[in-house]
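Here's a quick tour of a protein model, written for someone who likes to know the cut-offs behind each term. Have a look at the structure first.

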Amino acid sequence: MSQKPENLLGRRSVLKGMGLTAGAAFSGTMLHVGKALAADEFKVTMQLGWLASNGILGEVAADKLGYYADEGLSLDIVAGGPNIDGVASVASGRANLGSISSSPSLMLARAAGIPIKCIAAGYQQHPFTYFSLKKNPVKTPQDLIGKKVATNGTARILLRALLAKNNISEDDLEVIVSGSDMSVLMTGQADVVTGWTTNVNALSVLGDQRVDLSLWDAGIQLYANPYYVTDETLAQHRDKVDAMMRVSAKGWGWVYENPEKACEFLVERYPNLDLESELKAVPLVVGYSFNEVTKKHGWGAMNRENWQAQIDAYAALGQFDGDPPKVDDMMTLSVLEDTAASRPKLG
């Protein structure tokens, strides 16, 4: 999966991107959950926060294998991208299920009064990473001192969080704005470049000279690819929300057992993707989706303690206008509890 530009939004950009204010956006009925053409099918419109890629392997496989139809559902995947605000799409009712790159986007939206709630975590560990070269390696947060770090503008807050977590002053390094292109690292314009480890095409130029420092290992432990719905969807269509997660869980369980075939399904549905690249990326995707947590608690697991730690970290950095969101306002474990028997325990 390529790096996703909306994954690391700041508090102002999330509101600007939505074109919403907390008070004005939700007067009247905000949700219109549509039925599919078949009278006995419920249409799941899944809004992504990124361009379609390997982050939806489970859903693509589940659709191909008929798992949605088995639950009386049909699936429409709506791609996101740099100029599409997935949270706003779900909040307005254009979609009834969302998956976004990073958990902070949901925290910031909820703090702004947007009534959305996380129901599951697609990736147990965030792929966001600081890449360097062996000749000038950055293996620990302290190694960033004195370095020139290239990162995209919306990811700057993650760097601030990493530095604060490790008691490093922002004055101790230089930051330049760049995308996930590794050329600035290869040409010496930067000592460190940020990106997602699943972006195998961009990272291929680094070869065996690559050194990784993941955001997770540096102490900032965010969820990636969280699933979310509106409060109203959860209240009015709870059985369908549970069914959505059962299907996603079953699809991702199948991907775990059949990664190569899952890549074929993905490229069949999205011919713009490269099968060779997806085959290289899928072990990473599966590794982020399943670990010791999912082996015990099942695919999609998350916990209140991790969410509270994320909220506290962002509050300490002054990222919320007003009070931080309360954990129970922005996430619920109830869907995971109701689907516990159906979610594969793999790791």
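## Ground rules

This is a predicted model, so to speak with cut-offs attached: local features need pLDDT of at least 70, side-chain atom pairs count only at pLDDT 80 or more, and totals for chains, interfaces and linings use all residues. Residues are numbered from 1 along each chain as its sequence is written, and side-chain values use heavy atoms, with hydrogens and water left out.

## The big picture

The protein has 16 helices and ten strands; these are DSSP runs numbered from the N terminus, with helices being H or I of at least four residues and strands E of at least two. Of its 347 residues, 56% count as buried (under 20% relative accessible area, with exposed over 50% and partly exposed in between; 1.4 Å probe, protein chains only).

The accessible surface comes to about 14,000 Å², and 49% of that belongs to carbon and sulfur atoms (Shrake-Rupley method, 1.4 Å probe; for residues, only the protein chains shown count as cover). Take the contacts (heavy atoms within 4.5 Å) with a separation of 6 or more: 83% of them are between residues 24 or more positions apart.

Five strands make an open sheet with mixed pairing, in the order 2-1-3-10-4. Two strands pair if DSSP finds at least two bridges between them. Strand 2 (73-78) and strand 4 (116-123) sit at the edges with a single partner strand each, so one side of each has no neighbour in the sheet. From one strand to the next, the twist averages 25 degrees.

Inside the sheet, strand 1 (residues 42-48) and strand 3 (residues 97-99) run parallel and are joined by three bridges. Leu 48 stands opposite Ser 99 in strand 3. Helix 5 (residues 103-111) lies across strand 4 and strand 10, at about 175 degrees to strand 4 (axes are lines fitted to C-alpha atoms, for helices over the stretch in contact, with angles from 0 to 180 degrees between N-to-C directions).

## Rings

A search of the whole structure turns up six aromatic pairs (Phe, Tyr and Trp rings, the six-membered one for Trp, with centres within 6.5 Å; planes under 30 degrees apart are stacked, over 60 edge-to-face, the rest tilted). One of them is tilted: Tyr 223 and Trp 307, 5.7 Å centre to centre with 50 degrees between the planes. The pair links distant parts of the chain, 84 residues apart: Tyr 223 is in the loop between strand 9 (210-214) and strand 10 (224-230), Trp 307 in helix 14 (residues 304-316). Tyr 223 is buried at 3% relative accessible area, and Trp 307 is buried at 0%.

Elsewhere, Lys 250 lies over the face of Tyr 67, 4.3 Å from the ring centre (NZ of Lys or CZ of Arg within 6 Å of the centre and within 35 degrees of the ring normal).
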